[in-house]
Amino acid sequence: MEARMKSPENADVMTAIQHLYRAVHAGGADPLLLELVHLRASQINGCSPCVYAGVASARKRGETDERLHNVVTWRETPFFTEAERAALALTEAATRIQDGAPGVTDEIWDAAAAHFGDEQLSALVLNIALTNFFNRINRAVRQQAGKTW
């Protein structure tokens with residue numbers, strides 16, 4: 001697979017993205033949790049550059065290979081806390097909205113709200129949305145894994 005286009009420099013877009021990232025990280029959610037959320041959404045969407053970048057970024061923050069290899073099977077492993085599980089469930093529900101999927105049910109939302117305050121939930125939801133945004137762009141233009149942005 002070859003990339004369809006080079007990323008054009010656009011100062012306005014880059015500034016907007018930087019503001020969104022600042023808002024995500026200002027919400028008080030654990031930065032490592034944000035990485036796991038990014039990784040899981042990117043796995044669901046099949047976005048190879050975001051999976052690649054998510055793993056690399058999580059490793060830089062100290063995440064273990066054991067947990068990184070098991071994000072995709074988080075329900076079946078003992079490696080994640082209840083708060084992380086709630087965030088990963090929220091990620092999956094907010095990402096898998098095609099074909100009549102129920103999306104974020106009250107049960108999923110309440111489980112996340114039991115572990116995170118409003119600002120943290122806002123940061124998680126924005127991070128999920130931003131990840132889905134990039135996943136879709138990267139899939140459309142066939143951005144390659146391992147490339148730097």
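1. Contact means heavy atoms within 4.5 Å. The model is predicted: local features need pLDDT of at least 70, side-chain atom pairs count only at pLDDT 80 or more, and totals for chains, interfaces and linings use all residues. Residues are numbered from 1 along each chain as its sequence is written, and side-chain values use heavy atoms, with hydrogens and water left out.

2. The protein chain holds 7 helices and 0 strands, where helices (H or I, at least four residues) and strands (E, at least two) are DSSP runs numbered from the N terminus. Read from the N terminus, the order of elements is α-α-α-α-α-α-α.

3. Of the 149 residues in the protein chain, 38% are buried, that is, under 20% relative accessible area with a 1.4 Å probe, protein chains only.

4. The largest nonpolar core comprises 14 residues; such a core is a set of buried Ala, Val, Leu, Ile, Met, Phe, Trp, Tyr and Cys residues joined through side-chain atoms within 4.5 Å. Those with the most contacts inside this core are L33, V37, A87, L90, A112, F116 and L124. At least two of its residues come from each of α2 (31–45), α5 (82–95) and α7 (118–141), and α7 gives the largest share, 4 residues.

5. Which residues does A87 contact, leaving aside its neighbours within four places in sequence? They are L33, V37, F116 and L124. A second, separate core has 11 residues, including L32, V71, F80 and L88.

6. Considering contacts in the protein chain between residues at least 6 apart in sequence, 69% join residues at least 24 apart.

Key
Buried < 20%, exposed > 50% of the residue type's maximum accessible area, 1.4 Å probe, protein only.
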